[in-house]
Amino acid sequence: EHRRRGIARQLIEFVVAEARTRSLPALSLYTVKETGKVSIFERLGFAVISEEPDPAAKLVSGGTPHDVFMRKELLP
C-alpha cells in the first residue's frame, strides 16, 4: 500500500542532498536486476556501470540473479 507514493524518490533526494553538503563526488549502489529496481534508480539519475551474475545466489524461479552496480554523479 506504500508503493508509488514517492517514498523512494524522497529518500534518494535526501541522501543526494546530504552527500552534496559533504562534497561527495558521487553516490553508488548495488541492486538485483530481477527485482525491477534498475529502472527506478535510472529515473532517479543513476547509471548502470556494470552487471554480473551472482553464482552464489539463486532466484526462487530457479535462475541466477544479476548484481547491478549503479552510480550517480553529483559534481558537475
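Hi everyone, thanks for having me. Please keep in mind throughout that we are looking at a predicted model.

Let's begin with the sheet. It is open and has three strands, in the order S1-S3-S2, and the pairing is antiparallel. S1 and S2, the latter covering 47–53, are the edge strands, each pairing on one side only. If you ignore direction, neighbouring strands are turned by 20 degrees against each other on average. How many bridges join S1 to S3? Seven, with the two strands running antiparallel. If you want one to find on screen, take Ser28, whose bridge partner in S3 is Arg71.

Now for the core. The largest nonpolar core has 12 residues, among them Ile12, Val16, Ala19, Leu27, Leu29, Phe41, Phe46 and Met70. Which elements give two or more residues to this core? They are H1, S1, helix H2 at 38–43 and strand S3 at 66–73. H1 supplies the largest share, three residues. In soluble globular proteins, nonpolar side chains tend to be buried together.

Some of those names come back when we turn to the rings, where the count comes to two aromatic pairs. Tyr30 and Phe69 make a tilted pair, 5.0 Å centre to centre with 45 degrees between the planes. That pair links distant parts of the chain, since Tyr30 sits in strand S1 and Phe69 in strand S3, 39 residues apart. Phe69 counts as buried because its 19% falls under the cut-off of 20%. The other pair is Phe41 with Phe46, and here the geometry is edge-to-face: 5.8 Å centre to centre and 75 degrees between the planes. Both Phe41 and Phe46 are buried.

Next, charges. Side chains of opposite charge can pair when their charged atoms come close. In this model the count comes to three salt bridges. One of them joins Arg22 and Glu18, at 2.8 Å from N to O. Arg22 is exposed at 58% relative accessibility, while Glu18 is partly exposed at 30%. Another joins Glu51 and Lys33, at 3.2 Å from N to O. Where do those two residues sit? Glu51 is in strand S2 and Lys33 is in the loop between S1 and H2, 18 residues apart, and the pair links distant parts of the chain. Both ends are partly exposed, with Glu51 at 40% and Lys33 at 42%. Then there is Glu73 with Arg71, at 2.6 Å from N to O.

Ser23 has a positive phi of about 60 degrees, although Ser23 is not a glycine. Where is Ser23 placed? You will find Ser23 in the loop between helix H1 (7–21) and strand S1 (26–32). Ser23 is also exposed, with a relative accessible area of 54%.

That's my tour, thank you!

Note on methods: Residues are numbered from 1 along each chain as its sequence is written. This is a predicted model: local features need pLDDT of at least 70, side-chain atom pairs count only at pLDDT 80 or more; totals for chains, interfaces and linings use all residues. Side-chain values use heavy atoms; hydrogens and water are left out. Helices (H or I, at least four residues) and strands (E, at least two) are DSSP runs, numbered from the N terminus. Buried means under 20% relative accessible area, exposed over 50%, partly exposed in between (1.4 Å probe, protein chains only). A nonpolar core is a set of buried Ala, Val, Leu, Ile, Met, Phe, Trp, Tyr and Cys residues joined through side-chain atoms within 4.5 Å. Rings of Phe, Tyr and Trp (its six-membered ring) pair if their centres lie within 6.5 Å; planes under 30 degrees apart count as stacked, over 60 as edge-to-face and the rest as tilted. Two strands pair if DSSP finds at least two bridges between them. Axes are lines fitted to C-alpha atoms, for helices over the stretch in contact, and angles run from 0 to 180 degrees between N-to-C directions. A salt bridge is a side-chain nitrogen of Lys or Arg within 4 Å of a carboxyl oxygen of Asp or Glu.
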